[in-house]
Structures are given as structure tokens and as C-alpha cells.
Amino acid sequence: MFLDNKIVRRYFTWALDTTRESHLATLSDGPLFKGMDKKLLRKLVIDLIEKKYSAGDIIFHEGESGKAVYVVLEGSVKIIKESNLENKILSVLGPGSHFGELALIGHTSRFATAVADKDSLLLIMYKSYFDDLIRYNSATSARILLNLAEILSDYIHRNQPECNDEKVLP
Amino acid sequence: MTDERHKNGTSLTDSRKLRNQMPRWVLILLALGVAAVIASRITQLLMMMIAAVVIAYIFSSVIKAFERLGIKRSVAVILLFVLAGVFVIAADLIFIPDLKQEVMNVYAKCPEFSHQIKDALLLIAQDSAGRYPFIESSIMNLVDNVFGPSGFLERTPNASKILKQATPFIMAFILVPFFVFFLLKDWPGVKKRVMAWVPPSYVETTISVIEEINILVGKYLRGLAVDCFVIGVLASAGLWLIGINYHISLGILSGVANIVPYFGPIVGCTVSSLVALMQYRSFDPVWNVVVLYLVIKLMDDLIMQPLLIGKGVHLHPMLLVITLIVVENLFGIMGMILGVPVVTAAQKTAAILLEHHRETLRRKSKVSLIERPLVKSPVRPI
């Protein structure tokens with residue numbers, strides 16, 4: 001591998017994209033992209049769109065139709081469930097975490113609201129890009145789908161009694 | 001009754017909102033109109049910019065390949081230009097002498113070719129004099145206009161005219177690579193800056209537009225390149241089968257001309273027909289050439305274009321011809337080449353924005369009605 005070469009690392013650091021490398025490390029630690037080939041992951045990072053959000057910016061609202069999955073590269077994001085009485089924080093996601101993943105499977109409504117907790121940099125994967133990956137790059141899309149299936153099954157296992165009560169899967 | 005009034009109230013509010021937004025849409029349309037007028041006044045610069053965008057788009061895949069190796073984008077662009085320079089120098093040393101010889105040969109034979117065409121046309125005029133007098137008069141007019149003493153071919157251009165016509169090409173030779181360099185180097189930065197301006201509620205729609213246009217333009221350019229190659233090969237093989245000279249050059253010309261929808265195949269067919277007429281001095285082989293080009297056009301429309309370019313880049317035939325005529329008038333030949341993908345992209349963008357607008361209205365009318373059970377678990381896929 002070109003980048004793993006010691007000589008390249010020593011004499012050509014000026015020509016290497018170190019910021020992207022640190023983002024790659026963050027992504028490969030996250031559950032959605034784990035086990036993915038570094039070359040494929042680098043392709044994803046090059047193709048996808050990054051956006052900075054200031055603290056307090058609403059990324060999406062509950063009830064909106066979901067068209068993209070977001071991955072936190074820097075900063076943190078709060079996931080909030082709105083109710084009539086109070087807003088409940090479901091989780092605070094840090095670098096490497098993702099949210100809005102159900103948008104990859106189908107055009108579902110957002111279950112909760114996402115708000116930038118601090119100034120954050122997010123990587124956004126749009127559904128049509130993922131559909132194109134399924135068509136033309138089965139290795140990448142299969143890995144992501146497998147990870148997604150694992151995330152969902154993990155959720156079901158952890159919430160078995162509740163699922164039985166509600167008789168509804170996520 | 002209350003529900004009815006509530007519903008009516010919602011729809012009335014929506015229509016009022018739409019009415020309030022009308023001036024904004026009118027302003028956007030006006031701005032687009034003004035931009036089109038300005039663009040038509042600075043066509044040369046605009047065409048150079050568009051050519052640079054197309055070249056940058058094609059070479060962006062090479063830059064991405066370098067980036068996948070972990071190389072910085074700016075370094076990748078410099079590497080690409082160095083490689084292109086080496087390629088041009090190598091081509092200049094290896095191919096240019098032969099090509100120069102070919103061009104000189106064709107240039108030397110030009111008077112001979114023009115005499116051959118003139119003789120063939122006069123022969124046809126003589127043949128048709130008795131039966132079809134209108135054909136004879138039309139051909140004689142054409143011969144006078146092209147080969148006569150004040151005809152098109154006899155006009156000798158002076159040095160200042162040549163310089164005036166060559167200036168845009170020299171400018172393009174310098175400016176297009178300059179634009180390509182900065183487009184390739186700074187494109188991700190521009191994208192980031194644009195995304196920073198986009199309000200959070202429009203992010204997904206904006207990305208949707210970018211993705212759709214990216215997929216559409218990529219599909220169109222790649223499909224068009226393969227389509228032109230196949231058309232060139234088919235035309236060349238067909239002309240060789242019916243015994244027309246210069247079938248390889250004519251095939252290349254047909255392939256290149258095919259870039260312009262509808263008018264391109266007509267150009268290829270006309271030039272090949274002229275060569276057939278010159279070669280055989282009879283109309284029979286011309287019919288063979290016309291049938292060959294019709295068959296190729298049918299194959300292109302029914303098999304190749306749906307397969308290569310797909311249904312993504314599809315304009316109604318009437319809209320397509322109107323588009324071609326309008327863009328030809330505004331931007332010339334380059335406009336004809338790029339008119340179709342640009343109009344299709346505009347069509348898609350409008351559809352996405354309209355969908356976003358509808359969804360915003362729907363959400364605003366429903367926002368108070370959303371009620372879902374509260375989930376106890378802190379982590380759930382959303």
C-alpha cells in the first residue's frame with residue numbers, strides 16, 4: 001500500500017492528506033463502517049459531502065422524511081424525542097457515531113430530532129448515492145448493509161421485552 | 001364542522017403562503033432571464049467556462065484515483081498537469097509529424113476535390129435538366145454560390161481576418177487549462193462553502209440536487225462517449241461495405257458529429273453522401289448512404305441510447321428540438337452539445353425543489369398532529 005510505505009511517510013508527508021486520514025480512522029471505529037476495506041472507505045470519504053453545523057443547529061426534525069444518514073466526524077450531536085410534556089434526550093453522539101440510518105433502507109419519517117450539541121462536522125450519505133453503491137459497488141454496500149443489520153439486530157436483542165409489548169419492530 | 005373549518009383554514013393559509021411567495025418566484029425567473037441575456041452577450045467566455053467544467057468533470061475521476069492513494073488534492077492536480085504535459089510532448093514527437101503530413105496532403109488535394117464535386121454536380125444538373133428543371137436550377141445556383149467568381153471558395157481571407165478568427169482559439173488554448181486547473185483544485189472547497197451557506201432544513205434537498213445532477217451528467221457524458229464511438233465504428237464499417245472511399249475518416253466524422261443530437265447524424269450523412277456523389281457521379285450510391293445512416297440512427301435511438309445513456313437523460317422530442325434551436329442561437333455549437341444535459345438537469349432540479357416545497361407545506365400542516373409513543377430506550381435506530 002502506497003501510504004503504508006515508510007519512505008513515502010518520511011519524505012512525502014507534505015503531499016499526503018492527513019486530515020482525511022484522521023477522518024478515516026474515526027469512521028473505521030464507528031459501527032456503520034467497521035470491517036470495511038480502507039481503500040473503499042477512503043473512496044466514500046472522497047465522494048460524500050461534509051457539512052459544518054454550529055452548536056444548537058437543528059440537523060433534522062422529528063417527522064421529516066429521511067433521505068440521508070449522518071456520521072459525526074468532529075463535535076457531538078444530541079438526539080431528542082419531542083413530546084407534549086418535555087423534550088427527552090435519547091443520546092449524545094460523538095465522533096464515529098452515526099444517526100438517521102433508517103433512511104438508507106426506505107423513505108421513512110425521522111423518529112427523533114437531531115441537534116448539534118457542539119460545533120460539529122458531519123459526513124452525509126444521501127440515499128441515491130447508497131442506491132448507486134448497491135448497483136455498482138456491491139462490496140461496499142454489502143458491508144454497510146451487514147453492519148446495519150447487525151445494529152438493528154443488536155437493538156432488537158436489547159429491547160426484546162419492549163418489542164413483545166408493542167409488537168412493533170423499529 | 002370545526003374539523004372542516006380547520007382543514008379549510010389550513011389550506012387557505014397554505015394558498016396564502018403560496019401567493020406571498022409568488023413575487024419571489026417571479027424575481028427568480030427575472031434573474032434567470034437577465035442571467036441568460038448576459039450569458040448570451042459573453043458567449044465566448046461562457047463557452048470556455050463550460051468547456052473547462054466538462055474537461056474538469058472528466059478528469060475529476062483521475063484526481064479521485066490519486067486521492068484514493070492518500071495524496072492531497074492540490075498535489076494530485078499538479079501531478080495530472082505534469083502527466084498531461086508529458087503526454088502532449090510525447091504525442092508531438094511521435095504522432096504530429098504524420099498528422100501534419102496527412103493534413104498537408106488533404107490541403108494540397110483541396111482544389112482537386114472541389115473540382116470533382118463541381119463536375120459531379122454539373123453532371124447531375126445536366127442529367128436532370130429535361131425531367132426535373134427545378135433540380136437543375138437549384139444545383140446551378142449552388143455551384144455559382146460556392147464555386148463561382150464571387151463564391152464561397154474563391155474569397156481569400158486577409159491576415160487581419162485570420163487573426164480575428166484565430167484569437168478566440170488562442171485565448172481558449174490558454175484560458176481553458178487555466179480554468180480547469182483551478183476548478184479541479186478548488187472544487188471541494190467551493191462545495192464546502194456552498195454547503196456552509198445552505199440552511200440546515202435545506203441540506204438534504206441540496207445534496208439530493210447535487211447527487212442527481214452528478215449522476216445524470218456523469219451518465220450522459222460517459223454514455224455519449226461510448227455512443228459516439230459505436231456510431232463511428234458502425235458508420236465506418238457500413239461505408240466500407242457499400243464501397244465508399246475514406247470510410248475511416250467519414251466514420252470518425254460521423255462519431256464526432258453525433259455529439260450534437262439530431263443535427264449531428266445529418267452532418268455525417270450529408271458529408272458521406274457528397275463523397276459518394278464525388279466517387280460515383282451518380283445518385284444511386286447516395287441512396288445507399290442515406291439508408292445506412294437511417295438504419296444507424298434507428299439502432300441508436302432504439303438500442304444504444306436507452307442502453308448507454310438510459311432514461312435518466314430524456315427530453316420530449318419537441319422540447320429537445322426547441323432546446324437545440326434556442327441554445328444554438330444563444331451559444332452556438334457548444335450550446336447544442338451541452339444544451340440537453342443542462343436542460344435535463346434544470347428539469348430534475350425543479351422537480352426536487354417542488355417536492356421539497358410540497359413536503360414543507362405538508363409538514364407545517366401536520367406538525368401538531370404527530371403523536372407517537374415515547375420510547376424508553378435511549379438508543380434506537382432513527
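**View 1. The contact between chain B and chain A.** In this predicted model, the contact draws 38 residues from chain B and 54 residues from chain A. The area buried between the two chains is about 4,400 Å², and carbon and sulfur atoms give 59% of that area. An interface is often sized in this way, by the accessible area that is lost when the parts come together. Between chain B and chain A there are 10 residue pairs in polar contact, counting pairs in which both residues are at pLDDT 80 or more. On the side of chain B that touches chain A, the elements giving two or more residues are helix 2 (43-68), helix 6 (159-197), helix 7 (203-241) and helix 11 (317-366) of chain B. Helix 7 of chain B gives the most to this side, with nine residues, and by class the side of chain B that touches chain A has 19 nonpolar, four polar and 15 charged residues.

**View 2. A salt bridge across the contact.** The count of salt bridges between chain B and chain A is four. One of the salt bridges between these chains joins Lys64(B) to Asp47(A), with the closest N and O atoms 3.2 Å apart. Side chains of opposite charge can pair when their charged atoms come close.

View 3. The side chains of Arg73(B) and Glu67(B) meet in a salt bridge, at 3.0 Å from N to O. Arg73(B) counts as buried because its relative accessibility is 13%, and Glu67(B), at 3% relative accessibility, counts as buried as well. Through salt bridges that share partners, Asp17(A), Arg20(A), Glu67(B) and Arg73(B) are joined into one network.

**View 4. Two salt bridges within chain A.** Over all chains, a search of the whole structure finds 16 salt bridges. In one of them, Glu21(A) pairs with Arg42(A), and the closest N and O atoms are 3.0 Å apart. Glu21(A) lies in helix 2 (residues 18-29) of chain A and Arg42(A) in helix 3 (residues 38-47) of chain A, so this pair ties together parts that are 21 residues apart in sequence. Both Glu21(A) and Arg42(A) are buried. In another salt bridge, Asp131(A) pairs with Lys127(A), the closest N and O atoms being 3.0 Å apart. Asp131(A) and Lys127(A) are separated by about one helical turn, because they are four residues apart in helix 4 (residues 127-136) of chain A. Asp131(A) is partly exposed, with a relative accessible area of 26%, whereas Lys127(A), at 11% relative accessibility, counts as buried.

**View 5. The surroundings of Lys81(A).** Lys81(A) is found in strand 4 (residues 77-82) of chain A, and with a relative accessible area of 1% this lysine is buried. A polar atom of the side chain of Lys81(A) lies 3.1 Å from the backbone oxygen of Phe111(A).

**View 6. The largest nonpolar core.** The largest nonpolar core has 23 residues, and those with the most contacts inside it are Ile59(A), Tyr70(A) and Phe99(A). The elements that give two or more residues to this core are strand 1 (49-53), strand 2 (58-60), strand 3 (68-74), strand 4, strand 5 (87-93), strand 7 (113-116) and strand 8 (120-126) of chain A, together with helix 7 of chain B. In soluble globular proteins, nonpolar side chains tend to be buried together.

Methods
Residues numbered from 1 in each chain as written. Chains lettered and ligands numbered in written order. Predicted model: local features only at pLDDT ≥ 70, side-chain atom pairs only at ≥ 80, totals over all residues. Heavy atoms only, no water. Contact = heavy atoms within 4.5 Å. Buried area = accessible area lost by both parts, 1.4 Å probe. Polar contact = N/O pair within 3.5 Å; in protein donor to acceptor, adjacent residues only side chain to side chain. Nonpolar A, V, L, I, M, F, W, Y, C, P; charged D, E, K, R; others polar. Buried < 20%, exposed > 50% of the residue type's maximum accessible area, 1.4 Å probe, protein only. Core = buried A, V, L, I, M, F, W, Y, C linked by side-chain atoms within 4.5 Å.
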